[in-house]
Amino acid sequence: MGINNGQVTGTTKIVDHGPASDRFNFVILAEGFRQDELSLFETYTNQLINFLFSSPPFNDLKCAFNIYRINVASDETGADDPAACGGPGTTAATYFDASFCNSGIRRLLVINSQTAINLLNSEVPEWHQALVIVNSSEWGGSGGQIGVTSVATGWETIALHEMGHSAFGLVDEYPYWSGCGIDTTRDMYPGTEPGVPNATTDSNRDTIKWGDLILASTPMPTTSNPDCSQCDSQANPQPPGTVGAFEGGCYYHCGIYRPAYSCMMNDLQDFCGVCQERIRSTLVPYLEECYAPQFKPQNWFICILLTIIFAIIIIILTLPALFSGSIRCYIKGLIFRIRNCCKGNTKRCIQLK
Ligand SMILES: [Zn+2]
């Protein structure tokens with residue numbers, strides 16, 4: 001099954017922050033949707049974008065993105081769900097040949113990546129990251145070069161988790177492979193220091209790779225697993241969001257540390273501080289230097305008065321750094337605000353030359 005079991009019906013740029021050459025181009029593709037189900041795919045796409053742009057750190061990085069939607073109609077709905085992994089043994093004739101039960105694990109939902117890459121190269125040649133939404137309510141997804149997600153309850157978090165792998169090189173922070181209490185070969189991490197941003201064998205405050213994010217008051221290691229034959233079940237002893245070295249991660253109970261108790265790469269909570277830092281550093285090159293401020297239309301006299309007061313405060317606070325890039329940007333913003341006092345501005349993604 002594959003490209004003979006469906007057809008591409010259109011590509012739409014749904015978030016447009018400028019030319020593809022300037023932005024991080026994210027493409028969302030449909031899999032396992034019949035022609036008459038594509039409006040559902042469009043609804044899912046909008047849900048995902050709303051979730052993405054309300055999740056830190058993406059809420060601050062909207063302007064880095066262009067987002068495209070590729071509508072692909074398949075002959076049949078859903079994905080293959082083999083009986084070998086406990087599924088019903090159904091097959092579906094779909095364009096990207098999606099299937100659960102990769103490597104014998106039901107939740108590992110994969111597609112034919114080469115088919116997706118060929119389509120992306122022809123429809124959006126400047127693509128950076130792609131996500132395939134599979135029309136199945138069974139829980140599943142996978143990373144790799146192309147992220148894949150089903151539409152099980154809470155699927156938007158799976159999608160961001162898979163983007164964490166595909167677009168930002170983040171590793172899973174959870175401490176199991178098949179499951180806590182199921183695994184028998186996951187007691188102790190056997191390798192050397194992993195070359196990923198969000199897992200480490202080093203719990204030394206002075207040398208750990210995310211040391212700049214660890215407060216002096218945070219104990220190191222922050223947690224230790226008292227029983228390496230199991231996942232650590234202790235509650236978080238630190239305030240939520242604390243960055244440190246928490247034992248257990250990268251599919252192992254012990255001998256490896258994750259940066260935070262919770263993370264999108266672990267238990268599908270907000271991305272931890274280390275993962276946010278990685279995402280930010282990847283996307284910042286796609287942000288223009290300087291943006292128009294966002295404000296509502298106002299009476300021009302009050303607007304200019306407020307702008308002058310604002311300008312005086314900025315100058316007082318920033319005299320020593322008057323000629324830095326960020327201050328020049330504020331000044332450009334003030335000029336833009338004066339010019340547009342009566343009109344207002346509902347879009348922040350306008351570059352100030
Ligand atoms: Zn993380």
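This briefing walks through a predicted model of one protein chain, from its overall layout down to single residues. The chain has 353 residues, and 38% of them are buried. It holds 6 helices and 8 strands, and it is divided into three parts: domain 1 (3–168), domain 2 (171–268) and domain 3 (288–353).

**Overall layout**

- Read from the N terminus, the elements follow the order β-β-α-β-α-β-β-β-α-β-β-α-α-α.
- Along the principal axes, the C-alpha atoms of the chain fill a box of roughly 70 × 55 × 30 Å.

**How domain 1 and domain 2 meet**

- The C-alpha centres of domain 1 and domain 2 are 29 Å apart.
- Domain 1 puts 5 residues into the contact, and domain 2 puts in 4 residues.
- On the domain 1 side, the touching residues comprise 2 nonpolar and 3 polar ones, with no charged residue.

**The largest nonpolar core**

- This core has 76 residues, and the members that touch the most others are Val27, Leu29, Ala116, Ala130, Val132, Ile133 and Cys275.
- Helix H3 (residues 155–168) is the element that gives the most to the core, with 7 residues.
- Domain 1 (3–168) and domain 2 (171–268) each supply at least three residues to this core.

**Helix H1 against helix H3**

- Two packed helices are described by the angle between their axes and the distance between the axes.
- For helix H1 (residues 38–54) and H3, the axes come within 10 Å and cross at roughly 65 degrees.
- The crossing of H1 past H3 is right-handed.
- H1 makes the contact through Gln47, Leu48, Phe51 and Leu52, while H3 uses Glu156, Ala159 and Leu160.
- Sorted by class, the contact between H1 and H3 has 5 nonpolar residues, 1 polar residue and 1 charged residue.

- Gln269 sits in the loop between S8 and H4.
- Gln269 counts as partly exposed because it has 15 C-beta neighbours inside 10 Å.
- Beyond residues up to four places away in sequence, Gln269 touches Ser262, Cys263 and Met264.
- Gln269 and Thr157 are 112 residues apart along the chain, yet their C-alpha atoms are separated by 8.2 Å.

**Thr307 in helix H5**

- Thr307 belongs to helix H5 (residues 300–318).
- Thr307 counts as buried because it has 20 C-beta neighbours inside 10 Å.
- Leaving aside residues up to four places away in sequence, Thr307 touches Leu334, Arg337 and Ile338.
- Between Thr307 and Arg348 there are 41 residues of separation in sequence and 17 Å in space, C-alpha to C-alpha.

**Backbone details worth a look**

- Most residues other than glycine have a negative phi, and most peptide bonds are trans.
- The peptide bond from Pro56 to Pro57 is cis, with omega near 5 degrees, and Pro57 is in the loop between H1 and strand S3 (65–74).
- A cis peptide bond also runs from Met220 to Pro221, with omega near -10 degrees; Pro221 is in the loop between H3 and S7.
- Asp97 is not a glycine, but its phi is positive at about 55 degrees.
- Ser103, not a glycine either, has a positive phi of about 55 degrees.
- Asp97 is in the loop between S3 and helix H2 (113–123), and Ser103 also lies in the loop between S3 and H2.

Notes: Residues numbered from 1 in each chain as written. Predicted model: local features only at pLDDT ≥ 70, side-chain atom pairs only at ≥ 80, totals over all residues. Core = buried A, V, L, I, M, F, W, Y, C linked by C-beta atoms within 7 Å. Buried ≥ 20, exposed ≤ 12 C-beta atoms within 10 Å, placed from the backbone. Helix = DSSP H or I, 4+ residues; strand = E, 2+ residues; numbered from the N terminus. Domains from an automatic or database assignment. Axes fitted to C-alpha atoms, helices over the stretch in contact; angles between N-to-C directions. Left-handed = near helix turned anticlockwise from the far one by under 90°. Contact = placed C-beta atoms within 7 Å. Nonpolar A, V, L, I, M, F, W, Y, C, P; charged D, E, K, R; others polar.
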